[in-house]
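Please open the model in a viewer and keep the selection panel at hand.

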Amino acid sequence: MSLSQSDVAVPQAQHEGSYVLPKPLRQGAEMVVVPARAEAEVARRRADAATQRLGERLLCLAECQQQFLAELRQGLESLDEVVGEAARARIQAAVHSSLQVLGWCDAVQDDFAQQAALAARGFEPVDLGDFCREVAGEWVGRERLVHVAGEAVRPWWGDAVRLADALHAGLALVAERSTGQGPILLELTGEDGRPRIRIAGSGEPSEDVDPGAVRGFRLAVGQLGARVLPDRLGPGGAALVLELPPA
């Protein structure tokens, strides 16, 4: 999904109250430059963690399916014994129990197939709380401290590399947008079931924004397929909200 004008709750014209559209580049101003991350180490660590998380999820589903099939087999064996005794009520109870276990097997099978399909597309289950804390940790030692608030109810399935790029670009833009040296907040929201991450600066909003930070943010958000929304203070504040795409 590309970032369209309808997806971004940021007017494009400055006279409409633009949030991210910059003024002409100011002379002699300092540009907020995000230092290059240790790409190889970060990528290796995230890949190892993703493989472990995915393996644990699939192993859990496989163990559940194994248990349900064992119960189903036991139920069918008991049914075979009941048939010999010709007890109608006992037969009906055994059949009902076996069908119930078979329904659980179907549910696990659906989850297994869906998660395997997502993994085949290169997606992974991301714990957004842990992920945001990891991104915040990569900003340690820079000019702005990053705090994380909130937890996700369930994992988000998506491209973790592009999510990291969008968060770093969002942090760089908010750091450019908000004046002062106060911390930046990554806050997990999305009570309606659509995961959202609010990026908010603690300083007063500035109208003078570096064009490079804007372009980098828009590119990263477009590649992720996310939407950009204003927070509760509106498009004029020093904050923005990323609504993550559904799997």
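Throughout the tour, buried means under 20% relative accessible area, exposed means over 50%, and partly exposed lies in between (1.4 Å probe, protein chains only). The model is predicted: local features need pLDDT of at least 70, side-chain atom pairs count only at pLDDT 80 or more, and totals for chains, interfaces and linings use all residues. Residues are numbered from 1 along each chain as its sequence is written, and side-chain values use heavy atoms, with hydrogens and water left out.

Begin by selecting helix H3, residues 128-137; helices (H or I, at least four residues) and strands (E, at least two) are DSSP runs numbered from the N terminus. Leu128, Gly129, Phe131, Cys132, Val135 and Ala136 are buried here. These residues lie on the same side of H3, because they cover an arc of only 165 degrees around the axis, the arc being that of the directions from the helix axis to the C-beta atoms. At the start of H3, show aspartate 127: one of its side-chain oxygens comes to within 3.1 Å of the backbone nitrogen of glycine 129.

Next, select Leu163, Leu167, Ile199 and Leu242, the residues with the most contacts inside the largest nonpolar core, which has 36 residues. Such a core is a set of buried Ala, Val, Leu, Ile, Met, Phe, Trp, Tyr and Cys residues joined through side-chain atoms within 4.5 Å. H4 (160-177) gives the most to this core, with 10 residues. In soluble globular proteins, nonpolar side chains tend to be buried together.

Turn now to the salt bridges, each a side-chain nitrogen of Lys or Arg within 4 Å of a carboxyl oxygen of Asp or Glu; the count comes to eight. Select arginine 162 and aspartate 159, whose closest N and O atoms are 3.9 Å apart. Arginine 162 is partly exposed at 39% relative accessible area, and aspartate 159 is partly exposed at 25%.

Move to arginine 198 and glutamate 187, a salt bridge with closest N and O atoms 2.9 Å apart. Arginine 198 lies in strand S5 and glutamate 187 in strand S4, so the pair ties together parts 11 residues apart in sequence. Arginine 198 is buried, at 10%.

Finally, select glutamate 243 and arginine 194, which meet in a salt bridge of 3.4 Å, N to O. Glutamate 243 is in strand S7 and arginine 194 in the loop between S4 and S5, 49 residues apart. Glutamate 243 is buried at 2% relative accessibility, whereas arginine 194 is partly exposed at 35%.

Note on methods
A polar contact is a pair of N or O atoms within 3.5 Å; within protein, one must be able to donate a hydrogen and the other to accept it, and residues adjacent in sequence count only if both atoms are side-chain atoms.
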